[in-house]
Amino acid sequence: MYEIDWKKKARKQLDKIADRQTRVEIKNAVATLVDLPNAAQVKKLTNHQFGYRLRVGRYRVFFDVVEVIQIVSIEEVKKRDDRTY
């Protein structure tokens, strides 16, 4: 079982999300990380500044695990189309 530590930057990013329901979904998804090996929608990242990524709808929650789970950043994934790449 892990403890969850929200970094100041991540808290600000969460507060800036206008949709209240989305904020609740992100908080609930982050709460499931206490059982990390069995948490859903989590991917270990390679060659990235953060260790893991949690998918929550259009948002990605980036975090590191160092004795506690440190929620580092929350980013929105913009709509992708034929001209994205």
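Author: Before we start: a salt bridge here is a side-chain nitrogen of Lys or Arg within 4 Å of a carboxyl oxygen of Asp or Glu. The model is predicted, with local features needing pLDDT of at least 70 and side-chain atom pairs pLDDT 80 or more, while totals for chains, interfaces and linings use all residues. Residues are numbered from 1 along each chain as its sequence is written, and side-chain values use heavy atoms, without hydrogens or water.

Reader: Thanks! Where does R60 lie?

Author: R60 lies in strand β4 (a DSSP run of E, at least two residues; helices are H or I, at least four).

Reader: And is R60 buried or exposed?

Author: R60 is buried (under 20% relative accessible area, 1.4 Å probe, protein chains only). R60 has no salt bridge, and the nearest side chain of opposite charge, E75, is 8.9 Å away.

Reader: Which backbone atom lies 2.9 Å from a polar atom of the R60 side chain?

Author: That is the backbone oxygen of G57.

Reader: What about D64, which strand is that in?

Author: D64 is in β4, which spans residues 59-66. D64 is also buried without a salt bridge, and K44, the nearest side chain of opposite charge, is 8.3 Å away. The backbone nitrogen of G51 lies 2.6 Å from a polar atom of the D64 side chain.

Reader: What does D64 touch?

Author: Not counting residues up to four places away in sequence, D64 touches Q49, F50, G51, I69, Q70 and V72 (heavy atoms within 4.5 Å).

Notes
Buried < 20%, exposed > 50% of the residue type's maximum accessible area, 1.4 Å probe, protein only. Lys, Arg positive; Asp, Glu negative; His and termini not counted. Polar contact = N/O pair within 3.5 Å; in protein donor to acceptor, adjacent residues only side chain to side chain.
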